[in-house]
Amino acid sequence: MSTSSAERPFLRLGSIHPADPNRSADALAEADRVAWRRVTGGVHYPSDLAGSLHVAEAVRKALLKSEKFASTLKEVEAELARDPL
């Protein structure tokens, strides 16, 4: 699998999983900061954040059950190990 430079940050964030809680915590903290900046900037309401968090958690749980996602995730992690951001 080959990814473009534009896709790579999203794939790195997409690789968050229970095997690396430190990386997960950092990424989630940054996402929280960005989300609240959008609230204070008038782009979103706090309820938008709560709703999107519930949707994201449901998607994450479904992805972690998917064998295809697990396989693709391993490919992405291997590519990032060879050529980190």
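**Salt bridges and their setting**

Author: Happy to, starting with the whole chain. Among contacts (heavy atoms within 4.5 Å) with a separation of 6 or more, 60% in this protein join residues 24 or more positions apart. Please keep in mind that this is a predicted model, in which local features need pLDDT of at least 70 and side-chain atom pairs count only at pLDDT 80 or more, while totals for chains, interfaces and linings use all residues. Residues are numbered from 1 along each chain as its sequence is written, and side-chain values use heavy atoms, with hydrogens and water left out.

Of its 85 residues, 16% are buried, meaning under 20% relative accessible area with a 1.4 Å probe and protein chains only; over 50% is exposed, and in between is partly exposed.

Now to your salt bridges: there are two, each defined as a side-chain nitrogen of Lys or Arg within 4 Å of a carboxyl oxygen of Asp or Glu. In one of them, arginine 33 meets glutamate 30, with 2.7 Å from N to O. Both residues belong to helix α2 (residues 21-40), where they sit three residues apart, about one turn of the helix. Arginine 33 counts as partly exposed because its relative accessibility is 43%. Glutamate 30 is partly exposed too, at 35%.

The other salt bridge pairs arginine 60 with glutamate 57, whose closest N and O atoms are 2.8 Å apart. This pair lies in helix α3 (residues 46-64), and again three residues, about one turn of the helix, separate the two. With 33% relative accessibility, arginine 60 is partly exposed, and glutamate 57, at 31%, is partly exposed as well.

One more feature involves helix α3, which is also the place of valine 59. Together with Val55 and Leu63, Val59 makes a nonpolar surface patch of about 240 Å². Patch residues have over 30% relative accessible area and no salt bridge, with nonpolar side chains (Val, Leu, Ile, Met, Phe, Trp, Tyr) joined within 5 Å and like charges within 9 Å. Valine 59 is partly exposed, because its relative accessible area is 43%.

Methods. Helix = DSSP H or I, 4+ residues; strand = E, 2+ residues; numbered from the N terminus. Areas by Shrake-Rupley, 256 points an atom, 1.4 Å probe, with all protein chains shown as cover.
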